Amino acid sequence: MQKNAAGRVRDLREKLRQSKSDIDKFKQGKNTAQKKLAQAEKEYKEMKKSGDHLTHFGFMAKRALDAAKEDMAKCEAAFQRATADVEDCEEKLRGAQEKASQIKAKRQGVPEQSEVAAEPKATPKAKAKAKVKKGKTAMKVMKAMKAMKAMK
C-alpha cells in the first residue's frame with residue numbers, strides 16, 4: 001500500500017511540474033497573441049482611416065484581425081484551463097502526501113492523532129488515587145502473608 005501511495009505522490013509531483021511548464025508556454029503564447037492582435041488592430045485602423053478598408057487588402061486585414069481575436073480567445077481559455085489544472089494537481093498532491101504520511105506512521109506504529117486525543121490524560125489527583133489503591137492492596141497482601149505465617 002505504501003508503494004502505491006509513494007508512486008501516486010511521485011506521479012502527481014511530475015504532473016504538477018508539467019502543468020507549471022505548460023502555464024509558462026501558454027503565457028508566452030498569450031503574449032504573442034496579444035502582440036499579433038495589437039498589430040492587426042493598428043493596421044486595420046490605419047486602413048479604415050485612409051478608406052482602404054473596403055479594398056481587397058482591407059478585407060484581408062479584417063480577416064487577419066478576426067483570426068487574431070480568435071487566437072487570443074483560444075490562448076486565454078487554454079491559460080485558464082492550465083491554471084485550474086495546476087490548482088487541481090496541487091490539491092491532489094496534498095491529499096496523496098497526507099495519505100502516504102498516514103500509511104507511513106501506521107507502519108511505524110505511531111498512533112494517529114485522533115487516537116492520542118481520545119486517551120484521557122492522567123491528572124495529579126488520579127495519580128495519587130492510583131498510588132493509594134496500590135498501597136491498600138499491598139497492605140492486604142502483607143496481612144494475608146503474616147496470617148499464613150502465623151498459621152504454620
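Mentor: Gladly. Let us start with accessibility: buried means under 20% relative accessible area, exposed means over 50%, and partly exposed is in between, using a 1.4 Å probe and protein chains only. One note on the source: this is a predicted model, where local features need pLDDT of at least 70 and side-chain atom pairs count only at pLDDT 80 or more, while totals for chains, interfaces and linings use all residues. Residues are numbered from 1 along each chain as its sequence is written, and side-chain values use heavy atoms, with hydrogens and water left out.

Trainee: Is Lys-30 buried or exposed?

Mentor: Lys-30 has a relative accessible area of 18%, so it is buried.

Trainee: And how does Glu-76 count?

Mentor: Glu-76 is partly exposed, because its relative accessibility is 28%.

Trainee: Where does Glu-76 sit?

Mentor: Helices are DSSP runs of H or I with at least four residues, numbered from the N terminus. Glu-76 belongs to helix 2, which covers residues 56-108. From C-alpha to C-alpha, 8.3 Å separates Glu-76 from Phe-26, although the two are 50 residues apart in sequence.

Trainee: What is a salt bridge, and how many are there?

Mentor: A salt bridge is a side-chain nitrogen of Lys or Arg within 4 Å of a carboxyl oxygen of Asp or Glu. That rule gives a count of 4 salt bridges here. One of them joins the side chains of Lys-30 and Glu-76, at 3.4 Å from N to O. This pair links distant parts of the chain, with Lys-30 in helix 1 and Glu-76 in helix 2, 46 residues apart.

Trainee: Which residue forms a salt bridge with Arg-94?

Mentor: That is Glu-91, and the closest N and O atoms of the pair are 2.9 Å apart. Glu-91 and Arg-94 are both in helix 2, 3 residues apart, again about one turn of the helix. With a relative accessibility of 48%, Arg-94 counts as partly exposed.

Note on methods. Helix = DSSP H or I, 4+ residues; strand = E, 2+ residues; numbered from the N terminus.
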